[in-house]
Amino acid sequence: MKAIVYFRYGPADVLQLKEIEKPAPLDDEVLIRVHAAEATKADCELRSFRFAVKWFWLPLRIAFGVIKPKKPVLGGYFSGVVAAVGRDVDKFSEGDEVFGSCGLRLGAYAEYLCLPAGYCILQKPQNMSHVEAAAVPLGGLNTLHFLRKASIQPGEKVLIHGAGGSIGSFAVQIAKNMGAEVTAVDSGIKEDMLRSIGADYFIDYQKQNFHKSDQSYDVIFNMVAASAYSANMNALKPGGRYLMGNPRLVDMLRSAFTSRFTDKQALFAFAGETEEELTTLKEMIQAGKIKAAVDKIYPLAQAAEAHRRVETEQRLGVVVLDVSVSESIIK
């Protein structure tokens with residue numbers, strides 16, 4: 001089967017299209033014919049081993065390979081069709097259209113993927129293509145995880161910092177569905193897209209610093225690691241909640257003090273990526289409440305170009321690899 005592999009850490013050029021052995025499912029696994037996979041910021045960081053949050057470096061280097069990658073096929077989020085099932089699997093059948101998360105196993109940048117049937121995998125929404133479905137799990141699962149922790153109430157003011165990426169584009173939509181008034185913060189080129197998916201207000205961070213305005217918020221959901229902790233806390237109303245989607249170690253330590261000794265909360269916790277959360281997202285999609293904001297679609301062979309697109313931070317939503325085609329850029 002064809003797959004995108006890399007055998008050393010480095011720039012996007014280390015990604016190569018190769019023929020590798022097709023996996024076979026174990027008794028408790030499903031074999032999935034991958035149709036589409038999201039190209040994520042995390043994939044880019046693992047490929048280069050450069051992280052916005054530095055404390056990730058050592059534990060991830062040990063887990064994923066000190067000298068070279070232990071897992072040569074990237075890709076954590078996918079949509080596809082079940083090609084075969086292990087003898088102990090009764091949750092899925094051959095031909096089921098599914099989407100979900102690979103967890104730390106990765107491997108979605110390939111024509112076929114084997115995963116335990118108990119992973120966060122569901123039959124995909126009927127009103128979505130495979131490309132759109134692959135764009136859901138990362139952003140949707142992380143957003144739902146964090147915004148539930150904030151216990152957002154109708155009418156509250158929510159600011160999404162870094163709103164134009166995978167997580168931010170779902171955060172805008174889900175916060176709106178919770179009844180919030182949403183302010184999106186990102187670069188100016190993303191304004192039209194963010195307003196089209198529900199943002200009530202938009203701030204171009206290159207022209208205006210929201211920390212210096214007289215506006216305050218009930219909830220700030222921040223995906224920008226370099227954003228100043230104290231400035232974000234000052235932009236909260238009394239009783240406000242600060243959600244850290246990409247926390248630095250020092251901010252994680254400060255959050256304990258904030259939550260214990262002030263009337264505000266600073267929250268972080270890695271998303272569990274549960275089946276219940278993915279089911280909730282699927283139901284929202286099928287009800288027309290949220291959708292995938294897909295930026296560009298690349299064939300598998302152009303994974304390096306997809307990574308470059310993600311790394312420019314110019315994307316308007318989610319970048320997806322269409323594994324079922326071999327042509328040049330699609331959209």
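A: Of the chain's 331 residues, 56% count as buried. Buried means under 20% relative accessible area, exposed over 50%, and partly exposed in between, with a 1.4 Å probe and protein chains only. The model is predicted, so local features need pLDDT of at least 70 and side-chain atom pairs pLDDT 80 or more, while totals for chains, interfaces and linings use all residues. Numbering runs from 1 along each chain as its sequence is written, and side-chain values use heavy atoms, without hydrogens or water.

Start with the whole chain. It has 10 helices and 15 strands. These are DSSP runs numbered from the N terminus: helices are H or I of at least four residues, strands are E of at least two. The C-alpha atoms fill a box of roughly 60 × 45 × 40 Å along the principal axes. The radius of gyration is 20 Å, which agrees with the value near 20 Å for a compact globule of 331 residues. That rule is 2.2 Å times the number of residues to the power 0.38, over C-alpha atoms.

Now go to serine 101. Strand β5, residues 97-101, holds this serine. Its relative accessible area is 2%, so serine 101 is buried. Beyond four places in sequence, serine 101 contacts Gly76, Tyr77, Phe78, Leu115, Tyr119, Cys120, Ile121 and Glu273. With glutamate 273 there is also a side-chain to side-chain polar contact of 2.6 Å. A polar contact is a pair of N or O atoms within 3.5 Å; within protein one must be able to donate a hydrogen and the other to accept it, and residues adjacent in sequence count only if both atoms are side-chain atoms.

Arginine 241 is next. Strand β12, residues 236-244, contains it. Arginine 241 counts as buried because its relative accessibility is 8%. Its side chain makes a 2.7 Å polar contact with the side chain of glutamate 156. The arginine 241 side chain also reaches the backbone oxygen of alanine 150, at 2.8 Å. Contacts of arginine 241 beyond four places in sequence include Ser151, Ile152, Asp218, Val219, Ile220 and Gln265. Leucine 267 is 26 residues from arginine 241 in sequence, yet their C-alpha atoms are 7.3 Å apart.

Helix α10, residues 303-311, has buried residues as well: Ala303, Ala304, Ala306, His307, Arg309 and Val310. They pack against β1 (2-5), β3 (29-39), α1 (41-48), β14 (294-299) and β15 (318-322). Just after α10 comes glutamate 313, with a positive phi of about 60 degrees. Glutamate 313 lies in the loop between α10 and β15. It counts as partly exposed because its relative accessibility is 33%.

On a 1 Å grid over the protein atoms alone, a cavity is a set of points where a 1.4 Å probe fits but cannot get out; a pocket is an open set with protein on both sides within 12 Å along at least five of seven lines; lining residues have an atom within 4 Å of a point. Points join across faces, edges and corners, and volume is the space filled by probe spheres set on them.

By this rule there is 1 cavity of 30 Å³ or more. The largest cavity has a volume of about 50 Å³. Its lining includes Asn222, Ser227, Tyr242, Arg248 and Asp251. By class, that lining has 5 nonpolar, 4 polar and 2 charged residues. Here Ala, Val, Leu, Ile, Met, Phe, Trp, Tyr, Cys and Pro are nonpolar, Asp, Glu, Lys and Arg charged, and the others, Gly among them, polar. Serine 227 lies in the loop between β11 (217-222) and α7 (229-234). At 5% relative accessibility, serine 227 is buried. It touches His161, His211, Asn222, Asn232 and Arg248, not counting residues up to four places away.

The second largest pocket holds about 230 Å³. Its lining has 14 residues, with Pro23, Leu106, Gly107, Leu113 and Cys114 nearest the centre. Strand β6, residues 112-116, gives the most to this lining, 4 residues. The lining divides into 11 nonpolar, 1 polar and 2 charged residues.

Note on methods
Contact = heavy atoms within 4.5 Å.
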